[in-house]
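Hi,

Here is the structure I said I would pass on. Have a look at it first, and then read my notes below.

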Amino acid sequence: QVQLVESGGGLVQAGGSLRLSCAASGRTFSTSSMGWFRQAPGKEREFVAAISWSAGSTYYADSVKGRFTISRDNAKNTVYLQMNSLKPEDTAVYYCAVIIFGSRAPIGSWGQGTQVTVSS
């Protein structure tokens, strides 16, 4: 079982950048594909990005492609989400989760999330 703690959120102006971190505990992290998801007020939680266990493959939601980059450091048990050219519609609580690679399906438990607010 992987336990997750997200951090790095905050308030930023449109066009700005943030880097989110997800610290994981558990021996299976380095062999787990990981994903980022987000939930805006009044909306369903949605997939944002995913990375394979080896970091050799990534994929993104169309809405963030070209602006966001997912990466991981297995030595630090951490997965990152670099967010550039932020838009007000990126405002949401961001979560990481173990993911079935190739899908948008999270498995296991969620962390507490980190709030990202983008002002116009």
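A residue counts as buried when its relative accessible area is under 20%. Keep in mind that this is a predicted model. With that cut-off, strand β8 (residues 78-83) is mostly covered, as five of its six residues are buried.

The hairpin of β7 and β8 has four residues between the strands, and N77 takes a positive phi near 55° in it.

Next, the disulfide. The structure holds one, and it joins C22 to C96 with an S to S distance of 1.9 Å. The link of C22 and C96 is right-handed, with 55° about the S-S bond. It connects distant parts of the chain: C22 is in strand β3 (residues 18-25) and C96 in strand β9 (residues 92-99), 74 residues apart. Both cysteines, C22 and C96, are buried.

Then there are the aromatic rings. How many aromatic pairs does the count come to? It comes to five. One of them is F37 with W110, an edge-to-face pair at 5.2 Å centre to centre and 90° between the planes. This pair also links distant parts of the chain, since F37 sits in strand β4 (residues 34-39) and W110 in the loop between β10 (106-107) and β11 (114-119), 73 residues apart. F37 is buried at 3% relative accessible area, while W110 is partly exposed at 32%.

Why does the pair of F47 and Y59 count as stacked? Their ring centres are 5.4 Å apart and their planes are at 25°, and stacked means planes under 30 degrees apart. F47 lies in strand β5 (residues 46-51) and Y59 in strand β6 (residues 58-60), so the pair ties together parts that are 12 residues apart in sequence. F47 is buried, with a relative accessible area of 8%; Y59 has 19%, so it counts as buried too.

Ring pairs link F37, F47, Y59, Y95, F101 and W110 into a cluster.

Cheers

Terms used: Residues are numbered from 1 along each chain as its sequence is written. This is a predicted model: local features need pLDDT of at least 70, side-chain atom pairs count only at pLDDT 80 or more; totals for chains, interfaces and linings use all residues. Side-chain values use heavy atoms; hydrogens and water are left out. A disulfide is a pair of cysteine sulfur atoms within 2.5 Å. Helices (H or I, at least four residues) and strands (E, at least two) are DSSP runs, numbered from the N terminus. Buried means under 20% relative accessible area, exposed over 50%, partly exposed in between (1.4 Å probe, protein chains only). Two strands pair if DSSP finds at least two bridges between them. Rings of Phe, Tyr and Trp (its six-membered ring) pair if their centres lie within 6.5 Å; planes under 30 degrees apart count as stacked, over 60 as edge-to-face and the rest as tilted.
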